[in-house]
Amino acid sequence: MNKITAAFQNGKAFIPFLTGGDPDVETTEKLVRAMAEAGADLIEIGVPFSDPIAEGTVIQEASQRALDGGCTVDQLFDMVTRLRKSGVTIPLLFMGYGNSVYGYGAERFMARCREAGVDGLILPDVPFEEREEFADLLDQYGVTQISMVAPTSRDRARAIAKEAKGFLYCVSSLGVTGVRTSISDQISEIIALAKAERDVPCAIGFGISTPEQAGSMAKLADGVIVGSAIVRLIAEHGKDSVPVVADYVREMKQAIRA
């Protein structure tokens, strides 16, 4: 059992997302530390990218703010190194795009993940059928690639679950990321198909923003992922967002464990 899978062993997992470098790397570092202290079980750190095709307006704008502020991949690796040295032990994942890995140099990227303490990668633009693209380097450097499954993936859900590592990222609804007032119930069917193949932890993401939604999704899955709602708080409060986000993480964690 790897470190990511182990994070699901003590009850429902809460997985917050934030965009690295928004509003700046220093604040991101404080936010990650505060979220870990507030009870996050894993944390996704978005690698800012100029064309984040899976993201809605909220995260697109955060990514652009980070890039405009000069955030680089090297700065995010250095930040994770500092977080690990300061005692943050929960799994940290980078969520980004294949072009960012290629642009940095795939082997160099994976090597820095291991050196810094990045446990896994989520690459929305690398589909299941192309998972072998980075497979050898991921294995060589001990980095876990998290597989994603969507409501339209019914025919592929069992195959994806069979090969999934860490956990299975279950996309709750079609389209890009963003806060939604309702969540599709199709995802329960996908989770059932995945679990029938293998008892891999399943976490639901895309659109969850309220404690009520989080509690409802936690009844279906092993974990809940929240991104846009947190990124929106950061956009609103900027460098003063740390205590606000920490309180939100505590509230959401309590909701999924209730």
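Predicted model: local features only at pLDDT ≥ 70, side-chain atom pairs only at ≥ 80, totals over all residues.
Begin by selecting the strands. Nine of them, in the order β5-β4-β3-β2-β1-β9-β8-β7-β6, make up an open sheet with parallel pairing. Strands β5 (144-145) and β6 (147-149) stand at the edges; each has a single partner strand, so one side of each is left without a neighbour in the sheet. Strands of a sheet pair through backbone hydrogen bonds, either parallel or antiparallel.

Select β6 next, together with β7 (residues 168-171). The two run parallel and are joined by 3 bridges. Within β7, Tyr-169 stands opposite Met-148.

**Strand β1**

Now move to β1 (13-19). Is this strand mostly covered or uncovered? It is mostly covered, with 7 of its 7 residues buried. Display the side chains: Ala-13, Ile-15, Phe-17 and Thr-19 point one way, while Phe-14, Pro-16 and Leu-18 point the other way, and all are buried. In a regular strand the side chains alternate between the two faces of the sheet.

Strand β9 runs parallel to β1 and is joined to it by 4 bridges; the bridge partner of Pro-16 in β9 is Val-226. Strand β2 also runs parallel to β1, with 3 bridges between them, and here Thr-19 stands opposite Gly-46 of β2.

**Helices on the sheet**

Select helix α2 (residues 25-37). This helix lies across β1, β2 (43-46) and β3 (92-95), and runs at about 170° to β1. Helix α11 (residues 228-237) also packs on the sheet, where it touches β1 and β9 (223-226); its direction makes about 45° with that of β1.

Two packed helices are described by the angle between their axes and the distance between the axes. The axes of α11 and α12 come within 9 Å and cross at roughly 155°. Angles over 145 degrees count as roughly antiparallel, and α11 and α12 are therefore roughly antiparallel to each other. Their crossing is right-handed. Which residues meet between these helices? Ala-229, Ile-230, Leu-233, Ile-234 and His-237 of α11 meet Val-244, Val-245 and Tyr-248 of α12.

**Salt bridges**

Finally, turn to the charged side chains. The whole structure contains 19 salt bridges. Select Arg-112 and Asp-78, whose closest N and O atoms are 3.0 Å apart in a salt bridge. Arg-112 lies in helix α6 (residues 106-116) and Asp-78 in helix α4 (residues 73-85), so the pair ties together parts that are 34 residues apart in sequence. Arg-112 counts as buried, at 17% relative accessibility, whereas Asp-78 is partly exposed at 34%.

Go next to Asp-199 and Lys-195, which form a salt bridge at 3.1 Å, N to O. Asp-199 is exposed, with 66% relative accessibility, and Lys-195 is partly exposed at 29%.

The last stop is Glu-132 with Arg-131. The closest N and O atoms of this salt bridge are 3.9 Å apart. Glu-132 counts as exposed at 53% relative accessibility, while Arg-131, at 29%, is partly exposed.

Technical notes:
Residues numbered from 1 in each chain as written. Heavy atoms only, no water. Salt bridge = Lys/Arg side-chain N within 4 Å of Asp/Glu carboxyl O. Buried < 20%, exposed > 50% of the residue type's maximum accessible area, 1.4 Å probe, protein only. Pairing = 2+ DSSP bridges. Contact = heavy atoms within 4.5 Å. Axes fitted to C-alpha atoms, helices over the stretch in contact; angles between N-to-C directions. Parallel < 35°, antiparallel > 145°, perpendicular 65-115°, else oblique. Left-handed = near helix turned anticlockwise from the far one by under 90°.
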